[in-house]
Amino acid sequence: MAVSSPSLRSARRVLVDPVVGNNPISVQILGLCSAFAVTSSLLPALVMSGAVIAVLAFANVAVSLLRKRMPRSIRLIIEMTLIASAVIVVDLVLQAYTPEVSAVLSVFVGLIVTNCIILARVESFAMHNPVWPSLLDGIGNGLGYAWILVLIGAVRELLGSGTLLGAAVLPTTEAGGWFRTNELMLLTPSAFFLIGVLVWILNWIGARRG
Amino acid sequence: MNEARESKTATIAFAAGVAFFCSLMVSTAVYFLRPVVLAYEAIDFNRAVVEVAGLLAADLDWDDRAVVNAFLELEARVVDLESGQLTDAADAVSADFRAAIDDPGRLVPIPASLDSAGLETRPRFAPVYLLRDVDRIERIVVPFYARGMWSTIHGVIALEPDSSTIGGISFYAHGETPGIGDRIERSDWRGSWRGKRLYDETGELRFRIGREAAAQSAEFGVDSITGATVTVDAVGNAIGYWFSEHGYAPFLEWLREGGR
């Protein structure tokens with residue numbers, strides 16, 4: 001099917017806007033709890049990002065497909081059922097294929113069900129839009145969540161352990177190098193500071209652009 | 001507003017349809033992925049047993065094959081907790097506690113007066129893993145479980161040849177609060193168990209967990225974990241039960257007297 005250029009542009013906007021402009025974490029300030037908990041190193045942040053993108057894409061597509069037949073009275077419970085089922089499947093896949101990371105993520109995969117980003121996208125976008133834009137919106141918002149998680153995870157692992165994905169990057173004093181690891185980075189409060197600084201930088205850039 | 005869509009029949013039919021689709025999706029995933037998860041759970045158990053038996057250093061990242069090979073070096077036996085003796089009536093794999101506690105046919109009730117850990121029932125048969133050097137028993141590894149804050153906590157504990165000194169403890173399955181109760185897994189706390197004794201010379205169970213117990217006796221006491229009191233107390237009570245006369249004590253006595 002040929003895509004005309006205005007709808008191509010709007011599709012791009014649906015995908016890209018939540019990544020930069022209307023980012024779920026830095027602008028909408030949603031989904032922070034999990035963002036704090038899973039970012040003490042890069043690998044769990046990456047896996048969690050993948051899980052959220054998968055659930056968001058699935059939930060948006062499913063709700064969009066059903067939106068014209070969905071009875072208003074049971075709308076929310078239907079949405080939650082679909083989201084929860086997707087989360088259970090994702091959790092099982094993680095347990096089976098990445099057991100170590102799954103142990104680190106523990107309850108936070110299950111808590112994707114209650115992640116406000118998902119229900120927000122389903123309610124405000126997928127309920128009113130066709131499947132294709134809904135898929136893009138899901139992936140876009142997932143990516144918006146993901147890049148912040150990955151960035152915070154990378155910074156915390158690099159400064160906290162001197163490694164990235166477990167591979168030594170900075171020579172730590174323990175291993176005879178010069179880099180002194182910052183243990184605060186491995187604790188949850190550091191994620192508050194980093195996300196705070198990030199929101200400030202992004203707002204500052206936004207304000208300069210007018 | 002679409003009237004037909006909002007009718008009672010349509011609503012019920014729609015809910016049933018979604019429910020059916022979701023259950024199909026979840027059960028398909030469980031059907032294909034559950035065996036893989038169970039295999040990892042078995043390896044986690046092997047890893048815990050091998051670690052407390054002292055066959056693999058705890059802080060190194062051993063691959064699954066090394067764990068299973070080391071596990072197979074141990075002599076896997078079954079204790080009949082009624083008689084306190086080794087038995088061939090069951091095999092160690094089928095006696096696994098995680099499977100046994102879901103099977104009423106394999107459980108026996110614990111008399112309320114002896115049930116210091118609130119378990120109510122326990123399996124009749126328990127797997128034990130013995131590390132032998134020629135004819136001498138070097139380590140005795142036994143499983144136990146506790147009713148924690150949210151979950152059943154499964155662990156293994158290794159005893160030295162005197163069947164009283166703790167050689168190591170490890171927890172291989174639990175659902176305690178992440179970041180709080182799950183600190184029982186931390187190697188520094190588990191390490192503090194090493195060298196503590198369960199029984200004094202008269203055979204009385206003296207082992208206790210708690211701040212005061214640790215302060216009173218370096219020989220029998222292990223410190224608690226701040227903030228994780230419920231979980232830690234559950235583990236402490238469970239140790240109290242499992243090494244009592246209704247638990248492993250008769251078996252350990254039997255071993256000390258040369259049973260094999």
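Predicted model: local features only at pLDDT ≥ 70, side-chain atom pairs only at ≥ 80, totals over all residues.
Chain A, the tally. I looked up how many elements there are and found nine helices and two strands. The radius of gyration came out at 19 Å, close to the 17 Å that the globule rule gives for 210 residues, so I put chain A down as being as compact as a globular protein of that length. I also took the span of its C-alpha trace along the principal axes, which is about 65 × 45 × 30 Å.

Chain A, the inside. Next I checked burial: 40% of the 210 residues count as buried. Then I wanted to know what share of the contacts with a separation of 6 or more comes from residues 24 or more positions apart. For chain A that share is 74%.

Where chain A meets chain B. I counted 19 residues from chain A and 18 residues from chain B in the contact. Which elements of chain B give two or more residues to the side that touches chain A? I found helix 1 (3–6) and helix 2 (8–52). Helix 2 of chain B has the largest share of that side, with 15 residues.

Last entry, residue classes. I sorted the side of chain B that touches chain A and got 15 nonpolar residues, one polar and two charged.

Definitions and conventions: Residues numbered from 1 in each chain as written. Chains lettered and ligands numbered in written order. Helix = DSSP H or I, 4+ residues; strand = E, 2+ residues; numbered from the N terminus. Rg over C-alpha atoms; globule rule 2.2 N^0.38 Å. Buried ≥ 20, exposed ≤ 12 C-beta atoms within 10 Å, placed from the backbone. Contact = placed C-beta atoms within 7 Å. Nonpolar A, V, L, I, M, F, W, Y, C, P; charged D, E, K, R; others polar.
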